[in-house]
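Me: I have a chain to go through. Can we take a look at it together?

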Amino acid sequence: MIHFIQLLRPINLLIIALTMYGLAWYMDPMQGCSCTYNIKEVKLFLLVIFTVLTAAGGNMINDYFDVRADRINKPNRLLIGEYVNRRTAIIAHWAFNFIAFSIAVYLSWSMGSLWYVLIHVGSISVLWFYSLYFKRRFLSGNILI
């Protein structure tokens with residue numbers, strides 16, 4: 001189980017979540033509000049969870065497609081194939097993205113905008129194609145990410 005958690009890169013996910021909350025706090029014009037409950041907080045939480053799940057899925061798919069290169073470059077840090085089954089990794093990737101997509105659909109519906117769904121579909125597509133193809137290209141992979 002610890003190896004699966006390492007596969008997700010939890011420190012990076014924590015940095016993503018803290019950055020999103022920090023920016024939301026910085027940009028919130030109602031910082032001094034003493035409200036005990038705000039619907040925006042729930043939607044921000046869902047947005048953070050949606051982003052973290054998408055990033056976690058991206059981390060998994062990146063390692064999934066990098067097994068061959070990691071055997072040569074980082075044999076002591078190889079997780080997929082050694083500690084985490086390849087099938088488990090790909091199923092977890094799809095499960096994380098399904099949950100994130102469900103959150104995106106809810107956010108889009110509740111906000112009356114398709115942007116959350118479009119952003120999610122675009123994000124997972126870019127992460128998939130980056131891991132599969134663009135990472136091995138000199139400049140296009142870096143520009144894409």
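Me: What do I need to know about the model and the numbering?

Reply: This is a predicted model, where local features need pLDDT of at least 70, side-chain atom pairs count only at pLDDT 80 or more, and totals for chains, interfaces and linings use all residues. Residues are numbered from 1 along each chain as its sequence is written, and side-chain values use heavy atoms, with hydrogens and water left out.

Me: How many helices and strands does the protein chain have?

Reply: There are seven helices and zero strands in the protein chain. Both are DSSP runs numbered from the N terminus: helices are H or I with at least four residues, strands are E with at least two.

Me: What share of the residues is buried?

Reply: Of the 145 residues in the protein chain, 32% are buried. Buried means under 20% relative accessible area, exposed over 50%, and partly exposed in between, with a 1.4 Å probe and protein chains only.

Me: Ok, H2. What span does H2 have?

Reply: H2 covers residues 10–27, 18 residues, and reaches 26 Å from its first C-alpha to its last, close to the 26 Å expected at 1.5 Å a residue. The expected span is 1.5 Å times one less than the number of residues.

Me: Which residues of H2 are buried?

Reply: Leu13, Ala17 and Met20. Seen down the axis of H2, these buried residues fall within an arc of 60°, so they line one face of the helix. The arc is that of the directions from the helix axis to the C-beta atoms.

Me: Why would that spacing give one face?

Reply: An α-helix has 3.6 residues a turn, so residues three or four places apart point the same way.

Me: And which residues are exposed on the other side of H2?

Reply: Ile11, Leu18, Trp25 and Tyr26. Tyr26 has a relative accessible area of 63%.

Me: Switching to His93. Where is His93, and is it buried or exposed?

Reply: His93 is found in helix H5, residues 86–111. It is buried, with a relative accessible area of 4%.

Me: What does His93 touch?

Reply: Not counting residues up to four places away in sequence, His93 touches Gly57, Met60, Ile61 and Trp128. Contact means heavy atoms within 4.5 Å.

Me: Last one, Arg9. What phi does Arg9 have?

Reply: Arg9 has a positive phi of about 60°, although it is not a glycine. Most residues other than glycine have a negative phi. Arg9 is found in the loop between helix H1 (2–8) and H2, and at 25% relative accessibility it counts as partly exposed.
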